[in-house]
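Thanks for coming, everyone. Please bring up the structure on your screens, and we'll walk through it together.

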Amino acid sequence: IVCTFRDGPLRTDLEELGIPVHVVPERRGSVLAVIRFVREMLRIRRTLTRIVADHEVDVIQTHLLRSLDFLLAGLGRRGGRPVVYWTFHNENFTLRREHMTRHAWLLGPKRFVYRWLYRLGSRRVSGLIAVSDEVRRSMLADIGPVDPKIVVIPNGVDVARYEGIVDVAAVRGEFGFRHDDFVAVMVGTFKRQKGHVHLVDAASLLRDTHPGVRYLLVGDGELRAGIQEQVRRLGLDDIVRFAGSRRDVPALLTASDCFVLPSLWEGLPVALLEAMASGLPCVATDVSGTQQVVVPRVTGRLVPPGDAAALAAGLGAMADDPGRAAAMGAAGKRRVEAEFSAHKQAEDHLERFEADLRRVR
């Protein structure tokens, strides 16, 4: 059963698979409006409690909902069902300044409260799931000595989705790319974490020495307009294309020559796994998660985060030696198939869930 606080494009896909989807009205009041905040949290708790009871839920798995993590932890029964797991997808999972646009002065106190709540809640939940070794280390640093409850289960992708036949010429033609262009694709939400600004700067640095390199930015988000303005200001409109949110990402990856991920921090980026499953060599920043996936000079290149010059050098090296780049892409595909498949991810989760359910019977 999927519970979400906002509807989205995957709902139809889930329901076609026979998976019930519940859209629960999210909290709207600020924590500063104490009475309204408490009322809304109690309303959400009642709704979730009813869903758990109606479906006779055995396992609850959250995905970094912050304040709602603690509420969901309370739905678990100590020594019984349902068992509750918190999943941490990001190394930098604590509250950040961009989360506090209206009351920035509360950032420090709220961080303290959240850390205390995570420490308290971690005693009640059955387990904490980290998507990478780096995320696990960050959890230990921010939450405290919860190591016995943490299990690392890396993200995975359905490799079969990236093995279809694609009309590469047609896909490239949609964006005005020629067959002999070297296309670097990036898939990610337009937010500060993903580092689009540094990729555009790298494209500007690389333009004169590598005029055949083109860039395809897939996704949407709050910073898209700002990145588009940066592209116009630097005169890169002819080599940078914005694809928006797409349902045909596997085709876009297959029609490209290289994947680039300029993130400032990560957990274990699924987009990177998808690119490697498509057989693309990768140029990624040396941050949490990418270190666990990319083998330098074997499946791709790692560069320092926030360094446009290093990013440009990595992309230029890929474009200069397409044969070597293709070999890296093939090695990356084999690595994802062996270590980061969706099937392995599902098996690892199921093994953990069944072990805890046997314990509480």
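One definition before we start. Helices here are DSSP runs of H or I with at least four residues, strands are runs of E with at least two, and both are numbered from the N terminus. Also keep in mind that this is a predicted model.

With that numbering, go to the loop between helix 2 (34-54) and strand 3 (59-63), where you will find Glu-56. Look at its backbone. Glu-56 is not a glycine, yet its phi is positive, about 50 degrees. Is Glu-56 buried or exposed? It is exposed, because its relative accessible area is 68% and the cut-off for exposed is over 50%.

There is another residue of this kind. Arg-297 also has a positive phi without being a glycine, with a value near 65 degrees. Arg-297 sits in the loop between helix 11 (290-293) and strand 12 (300-303). Its relative accessible area is 53%, so Arg-297 counts as exposed.

On to salt bridges. How many does the structure hold? There are 19 salt bridges. Let me pick out a few.

Start with Arg-115 and Asp-142. Their side chains form a salt bridge, N to O, at 3.4 Å. This pair ties together distant parts of the chain: Arg-115 belongs to helix 4 (residues 107-122), Asp-142 to helix 5 (residues 133-143), and they are 27 residues apart. Arg-115 is partly exposed, at 38% relative accessibility. Asp-142 is buried, at 18%.

Next, Lys-194 and Glu-266. Here the side chains meet in a salt bridge of 2.6 Å, N to O. Again the pair links distant parts of the chain, 72 residues apart. Lys-194 is in the loop between strand 7 (182-187) and helix 7 (196-206), and Glu-266 is in the loop between strand 10 (258-261) and helix 10 (270-277). Why do we call both of them buried? Buried means under 20% relative accessible area. Lys-194 comes in at 13%, so it qualifies. Glu-266 has 4%, so it does too.

Some bridges share partners. Arg-178, Asp-180, Asp-181 and Arg-214 are joined that way into one network. Arg-178 is partly exposed, at 48% relative accessibility.

Now for the inside. Rolling a probe the size of a water molecule over the atoms shows where empty space is left. The count comes to one cavity of 30 Å³ or more. The largest cavity has a volume of about 30 Å³. Which residues line it? They are Val-171, Arg-172, Phe-175, Phe-177, Val-183, Leu-216, Leu-252, Ala-255 and Ser-256. By class, that makes seven nonpolar, one polar and one charged.

A quick stop at Ser-278. Find Ser-278 in the loop between helix 10 and strand 11 (282-285). It is buried, at 16% relative accessibility. Ser-278 and Val-159 are 119 residues apart in sequence, but their C-alpha atoms are 7.9 Å apart in space.

Last, helix 12, residues 308-320. Its 13 residues, at 1.5 Å each, should span 18 Å, and the end C-alpha atoms are 18 Å apart, so the two agree. The N-terminal end is capped by Asp-307, which has a side-chain oxygen 3.2 Å from the backbone nitrogen of Ala-309. Buried residues of helix 12 include Ala-308, Leu-311, Leu-315 and Met-318.

That's the tour. Thank you.

Conventions:
Residues numbered from 1 in each chain as written. Predicted model: local features only at pLDDT ≥ 70, side-chain atom pairs only at ≥ 80, totals over all residues. Heavy atoms only, no water. Expected span 1.5 Å × (residues − 1). Buried < 20%, exposed > 50% of the residue type's maximum accessible area, 1.4 Å probe, protein only. Polar contact = N/O pair within 3.5 Å; in protein donor to acceptor, adjacent residues only side chain to side chain. 1 Å grid on protein atoms, 1.4 Å probe; cavity = no way out; pocket = protein on both sides within 12 Å on 5 of 7 lines; lining within 4 Å. Points joined across faces, edges and corners; volume = space filled by probe spheres on them. Nonpolar A, V, L, I, M, F, W, Y, C, P; charged D, E, K, R; others polar. Salt bridge = Lys/Arg side-chain N within 4 Å of Asp/Glu carboxyl O.
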